[in-house]
Amino acid sequence: MTDRANPTEASTGLVTPATSGVLLTLAHPALERSRANRALAKAAKGLEGVTFHDLYETYPDFAIDIEAEQEKLLAHDVVAVQFPLYWYSTPALLKEWFDLVWLHGFAYGIEGNALAGKRLFAACTTGGAAKAYHAHGYNRFSMDEFLRPLEQTAYLCGMVWETPFVVHGAATKDDEELKAEAQRYRARIASLLAAPADAELGA
């Protein structure tokens, strides 16, 4: 039995009901082996207003329930996607989720304005160190460039693109370093929850 079946772990698949707030969609095909993504998810999912949604636990056969997923998107103000960077992109099921759920006429197109005004936030982990992600580094491009397809998705759908959250060198961090990253992540998710209220107060 893997950690996905352990209710004390971040990967319980439990969904906190919400009519606004953050839909935290996790996509990791081997979460039981990921110290970093489990730590991040566990830190964020306990926040009030966060709906935690593990794609690989929900759809191990990739048979995505399009209508159910669209309802989740409609019910939240912030759509957050958390994933490990795989071959400079998202894991396969997250890409499938975008392909099948974010449809023309729903997410984009002349009548596809269901997500307009919502915010899209990406959180990802990398195996390489931060210095590898720039023009003269090992990977030649910055993380902003690798995440550009998601940024353009937000633009196409009339969404607000939030500054991404990235944990570099995730596999080599010790427990204290991961704890610090998890606290930083929790604070960032909390700031996304607070942002609308703050904006109203400043209006």
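## Side-chain contacts in a predicted model

At 18% relative accessibility, Arg188 counts as buried, because the cut-off for buried is under 20%. The model is predicted.

**Salt bridges**

What does Arg188 pair with? Arg188 forms a salt bridge with Glu162. Their closest N and O atoms are 3.8 Å apart. Glu162 lies in the loop between β5 (160-161) and β6 (165-167), and Arg188 lies in helix α7 (residues 175-202), so the pair ties together parts that are 26 residues apart in sequence. Glu162 is buried too, at a relative accessible area of 16%.

Helix α7 also holds Arg184 and Glu181. These two residues form a salt bridge, with 2.7 Å between the closest N and O atoms. They sit 3 residues apart, about one turn of the helix. An α-helix has 3.6 residues a turn, so residues three or four places apart point the same way. Is each partner buried or exposed? Arg184 is partly exposed, at 41% relative accessibility. Glu181 is buried, with a relative accessible area of 14%.

Which residues are joined into one network? Salt bridges that share partners connect Arg119, Glu162 and Arg188.

Another salt bridge links the side chains of Glu32 and Arg33. The N to O distance is 4.0 Å. Glu32 is partly exposed, with a relative accessible area of 26%. Arg33 is exposed, at 67%.

How many salt bridges does the structure hold? The count is 9. Among them are these:

| Salt bridge | N to O distance |
|---|---|
| Glu32 and Arg33 | 4.0 Å |
| Glu162 and Arg188 | 3.8 Å |
| Arg184 and Glu181 | 2.7 Å |

**Aromatic pairs**

Rings come next. A pair of aromatic rings is described by the distance of the centres and the angle of the planes. How many aromatic pairs does a search of the whole structure find? It finds 9. One of them joins Trp87 and Tyr88, with ring centres 6.4 Å apart. Their planes stand at 80 degrees, so this pair is edge-to-face. Trp87 is exposed, at 78% relative accessibility. Tyr88 is partly exposed, at 37%.

Phe165 and Tyr185 form a tilted pair. The distance is 4.9 Å centre to centre, and the angle between the planes is 45 degrees. Why does this pair tie together separate parts? Phe165 lies in strand β6 and Tyr185 in helix α7, so the contact spans parts that are 20 residues apart in sequence. Phe165 is buried, with a relative accessible area of 3%. Tyr185 is buried as well, at 0%.

Ring pairs also build a cluster. Its members are Trp87, Tyr88, Tyr133, Phe141 and Phe146.

Helix α1 covers residues 35-45. How many of its 11 residues are buried? The number is 8, and the helix is mostly covered. The buried residues in α1 include Ala36, Ala41, Ala43 and Ala44.

Where does Lys45 lie? Lys45 sits over the face of Phe52. The distance to the ring centre is 5.5 Å.

**Back to helix α7**

Arg188 reaches Glu162, in the loop between β5 and β6. Tyr185 pairs with Phe165, in strand β6.

Terms used
Residues numbered from 1 in each chain as written. Predicted model: local features only at pLDDT ≥ 70, side-chain atom pairs only at ≥ 80, totals over all residues. Heavy atoms only, no water. Buried < 20%, exposed > 50% of the residue type's maximum accessible area, 1.4 Å probe, protein only. Helix = DSSP H or I, 4+ residues; strand = E, 2+ residues; numbered from the N terminus. Phe/Tyr/Trp six-rings, centres within 6.5 Å; stacked < 30°, edge-to-face > 60°. Lys NZ or Arg CZ within 6 Å of the ring centre and 35° of its normal.
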